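Visitor: I am new to protein models. Could you show me how to read one?
Guide: Gladly. Here is the structure.

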Amino acid sequence: MSENIKFHFDVDGENFSSAGEASVVVKKKLRQLGFSPDIIRKVSIAMYEGEINMVIHANGGSADVEVGDDDITIVLSDKGPGIKDVELAMQEGYSTARDNIRALGFGAGMGLPNMKKYTDYMQIETEVGVGTTITMKVNL
């Protein structure tokens, strides 16, 4: 690939029914570009979990995806409340989701752990009261 392919999405924090749309679009684009089902699955799961987290916790944000020769980079950014305790948030089952969110079937505390599980690299930059940026890479 001579030039990296880039995608940008705004994640609507008001609408649970549209949560995950960016991951669906990226999944289709990666399939059209001929990537393996395993790579597509990893990117799709990591993106979906991140999108849902932005809707649940941060009133939306943005998702940027860059397809390069060696990896696919996903950058998720929001202006939400930030993550108070990243180590605790990385534990499977830990969630700060409100009861009404859990009643919808979300907030099981698997978002960040799944994002880490399905990527080869993940970095969380967060500041309480300012927001969070998560950078993930899936090696090709």
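Guide: Start with one term: contact means heavy atoms within 4.5 Å. Keep in mind that this is a predicted model.

Visitor: Which residues is Ser-62 in contact with, leaving aside its neighbours within four places in sequence?
Guide: Ser-62 is in contact with His-8, Phe-9, Asp-10, Val-11, Met-54, Val-75, Leu-76 and Ser-77. Ser-62 itself is found in strand E2.

Visitor: Is Ser-62 buried or exposed?
Guide: Buried means under 20% relative accessible area. Ser-62 has 16%, so it is buried.

Visitor: How do I describe two packed helices?
Guide: Use the angle between their axes and the distance between the axes. Take helix H1 (residues 21-32) and helix H2 (residues 37-58): their axes come within 8 Å and cross at roughly 165°. Angles over 145 degrees count as roughly antiparallel, so H1 is roughly antiparallel to H2. The crossing is right-handed.

Visitor: Which residues meet there, in H1 and in H2?
Guide: From H1, Glu-21, Ala-22, Ser-23, Val-26, Lys-27, Leu-30 and Arg-31. From H2, Ile-40, Val-43, Ser-44, Met-47, Tyr-48 and Glu-51. By type, seven are nonpolar, two polar and four charged.

Visitor: How many residues are in the largest nonpolar core?
Guide: That core has 33 residues. Leu-30, Val-43 and Met-47 are among those with the most contacts inside it. H2 gives the most to this core, nine residues.

Visitor: What does Met-47 touch, not counting residues up to four places away in sequence?
Guide: Met-47 touches Ala-22, Ser-23, Val-26, Ala-63, Val-65 and Ile-74.

Definitions and conventions. Residues are numbered from 1 along each chain as its sequence is written. This is a predicted model: local features need pLDDT of at least 70, side-chain atom pairs count only at pLDDT 80 or more; totals for chains, interfaces and linings use all residues. Side-chain values use heavy atoms; hydrogens and water are left out. Axes are lines fitted to C-alpha atoms, for helices over the stretch in contact, and angles run from 0 to 180 degrees between N-to-C directions. Helices (H or I, at least four residues) and strands (E, at least two) are DSSP runs, numbered from the N terminus. Angles under 35 degrees count as roughly parallel, over 145 as roughly antiparallel, 65 to 115 as roughly perpendicular and the rest as oblique. A crossing is left-handed if the near helix is turned anticlockwise from the far one by less than a right angle, and right-handed if clockwise. Ala, Val, Leu, Ile, Met, Phe, Trp, Tyr, Cys and Pro count as nonpolar, Asp, Glu, Lys and Arg as charged, and the others, Gly among them, as polar. A nonpolar core is a set of buried Ala, Val, Leu, Ile, Met, Phe, Trp, Tyr and Cys residues joined through side-chain atoms within 4.5 Å. Buried means under 20% relative accessible area, exposed over 50%, partly exposed in between (1.4 Å probe, protein chains only).
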